[in-house]
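The stops below concern aromatic rings and the charges beside them.

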Amino acid sequence: MLEIKLHKTLQAAQGPLHLNVDVNIEAGQIVTLYGASGAGKTSILRMLAGLLVPEQGRVVLNGAVWYDAAQKYWRKPQQRSIGYVFQDYALFPNMTVRQNLEFALPARKKTALRWVKNSRKNHRTKMPKDQTQLIDELIEIVALQALQHRKPTTLSGGQKQRVALARALVTQPDVLLLDEPLSALDQGMRLKLQDYLLELHQRFQNTIILVSHEVSEIFKVSDQVLVLADGQITQQGTPSQIFTHRQVSGKFQLVGKVLTIIQEEVVYIVSVLIGNQVIRVVANEDDVLDLQPGDQVMVASKAFNPLIQKI
Amino acid sequence: MIDWNPIILTFQLALVTTVLLFLGSLPLAYWLATTRTRLKPLVEAVVSLPLVLPPTVLGFYLLVALSPQNGVGAFLQHYLGLKLLFSFEGLVVASMIYSLPFMVQPIQAGFSNLPPSLTEAAYTLGKSRWTTMVRVLLPNIRPSLLTGIVLAFAHTIGEFGVVLMIGGNIPNQTKVASIAIYDEVEALNYGAANAYSLFLLVVSFLILVTVYSINGKYLRNKSG
């Protein structure tokens, strides 16, 4: 459980902004901060990470106090179990992709400095096996094996983003903070990265807080949404609670969970639990390819209007 | 054949000055690049003064300040046994002040141009300020460091007014190449003056060519 109580007056372009947040986040959840730009989303992430000092409040992760204004207690970013993915990725230009990840490993004794300077072969043998394995695994999950010895400046935006994501997880943090991680990417790359993010979340089970504007992205990845307006949390709930009532524009759109996928001749029948109703949807082979029971899906239609009648 | 001692002395002075100045300028430049204090313009102005002041002004005040008759000079001589006037050590101190902006400004600009997120990323990865400095910040401002070092070195080789004011013209102590040239010209010894001058000219030119080609290569690699 991550308990967040933060207060700070920020100097925004439109005048002072009173940031006032009081929220509890379940461990292991993916939570999205949603709101107009300038609502204070990034400031909240920075205060959680210890990069910005709040004026009042308290931050406690599973009983460990990170910040307590009453006690004048403040943990430095280095002492918090966090991973942070910056909007500009903040990859170290002097290191290769792999070295960026290796840099994040906890320092060990005096040899720590040395293996970086030595040749690649050398420091591989000097690193403990489990650390090498962790790096290998992360590089594999984000599919960067072929690029691991390249410098960040030679990578595309999506590739940099994957490096940043993998690097933030090397320390195996309890809380992963993502500041608009996917905003600069095109749609295809976005979808891929959402998958990477979900896969990494499955593997490391950390609490993830991300800033996002993209509703479909929020539906796909997050358990909870916090809607932020003028420094206050105005709404809190699951993505469907927050967004579905807004999506009335001649089409309908429902979000639910896949129960079963049954093959019938050449098509598949997907049973989706929406609320407490089960809807059966006909799908072809391509649609169900990456679907599994338990997945969150959206059922939408543009082609016909739903009928409504009193019962 | 010319006397090589002034030239050797010049390079000794430039080397010692550059090394000490580099170590001192790093924290100062980093502080200037990151501080938000209101004193910053004041400190920057002081650092940049040697750029605009005639070296003789700087030399004059150093002469007064370091004189054994006055506070600082008396303190140094009495308690530390340091005699800074008309000595090599004094030249090092004066050169460090004289070349300060040439070292500090490029390094400060280098630090300022790095995105703050690099430092913050290293902190969130659990790295100390020291580790962040040595492994992230400094390697990424290498061209600025090189520029600062070379400019300070070259500038120290070329100084004249300050040396003349507080160093005088003592062979093997304070008689550097630029002074030797002046000396030889006064003695109508144009051949020797030309030898010293040509040497300084060629060396300075080679140093600058080296820097620009290294920095050019670095920038090309970075974008390529």
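Which residues do ring pairs link into a cluster? Select B:Trp4, B:Phe11, B:Phe153 and B:Phe199: ring pairs join these into a cluster. Keep in mind that the model is predicted. Over all chains, a search of the whole structure finds 9 aromatic pairs.

B:Phe11 and B:Phe199 make an edge-to-face pair, with 6.3 Å from centre to centre and 90° between the planes. This pair connects distant parts of the chain, 188 residues apart: B:Phe11 belongs to helix 1 (residues 5-34) of chain B, and B:Phe199 to helix 11 (residues 190-223) of chain B. Colour by accessibility next. B:Phe11 counts as partly exposed because its relative accessibility is 23%, and B:Phe199 counts as partly exposed at 28%.

Now select B:Tyr30 and B:Phe111. Their rings are an edge-to-face aromatic pair, 5.1 Å centre to centre and 75° between the planes. B:Tyr30 lies in helix 1 of chain B and B:Phe111 in helix 5 (residues 88-113) of chain B, so the contact ties together parts 81 residues apart in sequence. Are these two residues buried or exposed? B:Tyr30 counts as buried because its relative accessibility is 17%, under the 20% cut-off. B:Phe111 is buried too, with a relative accessible area of 7%.

Move to chain A for the last two stops. Select A:Arg80 and A:Trp74: the charged end of A:Arg80 sits over the ring of A:Trp74, 4.4 Å from the ring centre. Then select A:Arg203 and A:Phe204, where the charged end of A:Arg203 sits over the A:Phe204 ring, 4.5 Å from its centre.

Methods. Residues are numbered from 1 along each chain as its sequence is written. Chains are lettered from A and ligands numbered from 1 in the order in which they are written. This is a predicted model: local features need pLDDT of at least 70, side-chain atom pairs count only at pLDDT 80 or more; totals for chains, interfaces and linings use all residues. Side-chain values use heavy atoms; hydrogens and water are left out. Rings of Phe, Tyr and Trp (its six-membered ring) pair if their centres lie within 6.5 Å; planes under 30 degrees apart count as stacked, over 60 as edge-to-face and the rest as tilted. Helices (H or I, at least four residues) and strands (E, at least two) are DSSP runs, numbered from the N terminus. Buried means under 20% relative accessible area, exposed over 50%, partly exposed in between (1.4 Å probe, protein chains only). A charge sits over a ring if NZ of Lys or CZ of Arg is within 6 Å of the ring centre and within 35 degrees of the ring normal.
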